[in-house]
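User: I would like to learn how to read helix packing, a sheet and a ligand shell from a model. Please take them one at a time.

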Amino acid sequence: MAEASVILKSTSIPSFSQGPNPFTHRNTTHYHNFRTVFKKNGYSSLNVCCSSSVSTTNDTTRTQKVSWGCDIDSLENASALQQWLMNKGLPPQKMAIQRVDVGERGLVALKNIRKGEKLLFVPPSLFITADSEWTCPEAGEVLGRYNVPDWPLLATYLISEASCGTSSRWNNYISALPRQPYSLLYWTRSELDRYLEASQIRERAIERINNVTGTYNDLKLRIFSRYPSLFPDEVFNIETFKWSFGILFSRLVRLPSLEGRVALVPWADMLNHSCVVDTFLDYDRSSQGVVFTTDRAYQPGEQVFISYGKKSNGELLLSYGFVPREGTNPRDAVELSLSIKKSDKCYKEKMEALEKYGLSVSQCFPLQISGWPLELMAYAYLAVSPPSRNKQFEEMAAAASNKTISKKDLSYPELEENALQFILDTCESSISKYSKFLQASGSMDLDVTNPKLLNRKVFLKQLAVDLCTSEQRILFRTQYILRRRLRDIRSGELKALRLFDGFKRLFK
Ligand SMILES: C[S@@+](CC[C@H](N)C(=O)[O-])C[C@H]1O[C@@H](n2cnc3c(N)ncnc32)[C@H](O)[C@@H]1O
């Protein structure tokens with residue numbers, strides 16, 4: 001099964017458009033306690049309870065107080081969901097929703113499951129897609145007239161259905177969704193600045209929050225404000241949009257066998273992620289349902305996992321709100337931001353060359369424990385190139401871009417040492433930012449008097465500490481490799497110099 005397609009995909013939503021954005025994990029038992037404390041103390045920044053007076057067809061329930069979703073580990077709502085799904089055509093399952101160590105609730109094997117077995121078989125009548133029927137059809141018609149793309153449409157649909165309470169056919173599903181999905185969408189700007197200052201994920205989170213806010217503002221301006229009786233502020237507001245986008249980021253599935261269509265697939269979305277598992281959800285034409293094929297055997301009582309895709313810890317935190325335990329994610333990566341110095345004599349020429357290939361003077365490249373991409377080295381060559389190299393600027397910029405098929409494996413032996421030193425310097429300055437945060441984190445936020453706030457801070461800080469520790473680990477490894485390579489180059493040069501001196505003396 002093609003990986004990119006089957007992941008529970010995330011998307012950045014630059015106002016009404018969607019750009020896929022890949023994702024992975026494993027054992028995160030240690031978060032469980034934090035989450036439990038966090039929830040038990042009742043913190044919820046998103047108290048999405050609305051009591052709105054809306055007079056649309058079929059809307060008496062909208063006038064009642066509606067609570068959206070449930071506590072993340074609520075089994076009561078989950079078993080009602082399971083029962084409802086069975087009544088609506090979900091075939092008998094070899095798994096059941098249970099409380100689990102990794103991921104709060106998950107699907108646990110009831111019987112022996114073989115490797116290579118197909119599971120789930122969720123029929124299309126149970127998917128939520130952009131074509132699903134609206135309990136309030138007038139609202140659906142309006143969005144249809146405005147050609148709202150899938151993501152904002154589904155976000156609005158979820159809110160609309162949630163506000164319809166028991167009149168919605170999805171009531172059981174929505175009641176079992178988490179009231180507050182744990183993604184970075186729910187972090188405030190000051191929390192992002194405080195806890196994720198060292199990590200590039202902070203920028204991604206800010207961008208995502210801005211995209212969600214921009215999408216909501218756009219919908220409000222163009223549609224909601226024109227039809228206030230269909231889309232009242234009390235129901236369709238930024239808080240509820242953050243909730244619905246949080247649900248989409250953490251649960252929406254892209255189905256490659258249905259031309260990459262996106263859908264919420266109840267039941268399938270109770271599966272948690274593992275980095276060591278290599279199986280994804282997809283639509284199976286022969287059985288006409290969403291399935292996945294196990295890549296290992298499970299015994300009764302064991303939690304069954306899928307993969308959300310090959311994602312770094314930062315990407316998992318961004319969309320899913322968890323960080324795998326250190327060293328367990330082989331796809332983990334950290335973004336290193338390289339920049340051309342303003343004082344560079346060829347700053348303008350280099351900038352122009354980069355812009356030609358869709359890059360900028362400040363560019364991020366992913367480092368992994370196993371190494372760095374060729375594009376990063378090409379960028380470093382450009383950054384350290386003297387003016388005499390200006391004929392090669394374009395070639396370097398092209399190789400630094402992943403948008404071209406030009407030769408990437410550039411070799412400029414005379415520039416190599418400077419290029420590696422440039423990457424090392426950037427890497428070390430990034431390491432020191434992480435060290436500063438990790439050292440300060442021990443004493444951070446102990447002064448909070450409000451216990452609910454304290455729990456939230458402890459929880460978010462722990463996530464940030466775990467993320468920063470894993471990202472710093474990759475940087476340390478990169479630092480080690482760079483230092484070794486530089487030492488080899490320098491000792492090779494030294495040898496050559498000694499040899500040259502020896503020859504000189506001989507000829508004298
Ligand atoms: C598709 S849902 C899976 C079902 C979810 N556990 C539930 O109870 O609704 C994705 C969410 O599950 C949790 N999750 C999934 N895999 C996890 C893992 N390996 N460790 C911790 N949490 C995980 C995260 O909260 C994530 O946002």
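The dialogue below goes through these features in turn.

Analyst: Keep in mind that this is a predicted model. We can begin with the helix pairs.

User: How do I read the packing of helix 12 and helix 13, and at what angle do their axes cross?

Analyst: Start with the distance and the angle between the axes. For helix 12 (residues 374-384) and helix 13 (residues 393-400), the axes come within 7 Å and cross at roughly 155°. Angles over 145 degrees count as roughly antiparallel, and helix 12 and helix 13 are therefore roughly antiparallel to each other. The crossing in which helix 12 passes helix 13 is left-handed.

User: Which residues of helix 12 and helix 13 make the contact?

Analyst: On the side of helix 12 they are E375, A378, Y379, Y381 and L382, and helix 13 brings F393, M396, A397, A399 and A400. Sorted by class, the residues of this contact between helix 12 and helix 13 are nine nonpolar, no polar and one charged.

User: Helix 13 also packs with helix 11. What is the angle there, and how far apart are the axes?

Analyst: Helix 11 (residues 347-356) packs with helix 13 at an angle of about 45°, and their axes are 8 Å apart. Helix 11 and helix 13 are therefore oblique to each other. Their crossing is right-handed. In this contact E349, K350, A353, L354 and K356 of helix 11 meet F393, E394 and A397 of helix 13. The class count for helix 11 with helix 13 is four nonpolar, no polar and four charged residues.

User: How do helix 8 and helix 9 cross, and how close do their axes come?

Analyst: The axes of helix 8 (residues 201-222) and helix 9 come within 10 Å, with a crossing angle of roughly 125°. That angle makes helix 8 oblique to helix 9. Helix 8 passes helix 9 in a right-handed crossing. V212, T213 and Y216 of helix 8 make the contact with I238, F241, K242 and F245 of helix 9. Five nonpolar residues, one polar and one charged make up the contact of helix 8 with helix 9.

User: Next, the sheet. What is the strand order in the open sheet of three strands?

Analyst: Strands of a sheet pair through backbone hydrogen bonds, either parallel or antiparallel. Here the order is 7-12-11, and the pairing is antiparallel. Strand 7 (118-122) and strand 11 (282-284) are the edge strands, each pairing on one side only. From one strand to the next, the twist averages 40°.

User: How many bridges join strand 11 to strand 12?

Analyst: Three bridges join strand 11 to strand 12 (residues 289-293), and the two run antiparallel.

User: Last, the ligand. How many residues surround the ligand, and which are the closest?

Analyst: A shell is read by its members, their classes and the elements that supply them. The ligand is surrounded by 21 residues, and the closest are G103, R105, N272, Y320 and F322. The shell divides into nine nonpolar, eight polar and four charged residues.

User: Which helix and strands each supply at least two residues of that shell?

Analyst: They are strand 6 (105-109), helix 9 (238-251) and strand 10 (272-273).

Terms used
Residues are numbered from 1 along each chain as its sequence is written. This is a predicted model: local features need pLDDT of at least 70, side-chain atom pairs count only at pLDDT 80 or more; totals for chains, interfaces and linings use all residues. A residue is near a molecule or strand if its C-beta atom, placed from the backbone, lies within 6 Å of it. Helices (H or I, at least four residues) and strands (E, at least two) are DSSP runs, numbered from the N terminus. Ala, Val, Leu, Ile, Met, Phe, Trp, Tyr, Cys and Pro count as nonpolar, Asp, Glu, Lys and Arg as charged, and the others, Gly among them, as polar. Axes are lines fitted to C-alpha atoms, for helices over the stretch in contact, and angles run from 0 to 180 degrees between N-to-C directions. Angles under 35 degrees count as roughly parallel, over 145 as roughly antiparallel, 65 to 115 as roughly perpendicular and the rest as oblique. A crossing is left-handed if the near helix is turned anticlockwise from the far one by less than a right angle, and right-handed if clockwise. Two residues are in contact if their C-beta atoms, placed from the backbone, lie within 7 Å. Two strands pair if DSSP finds at least two bridges between them.
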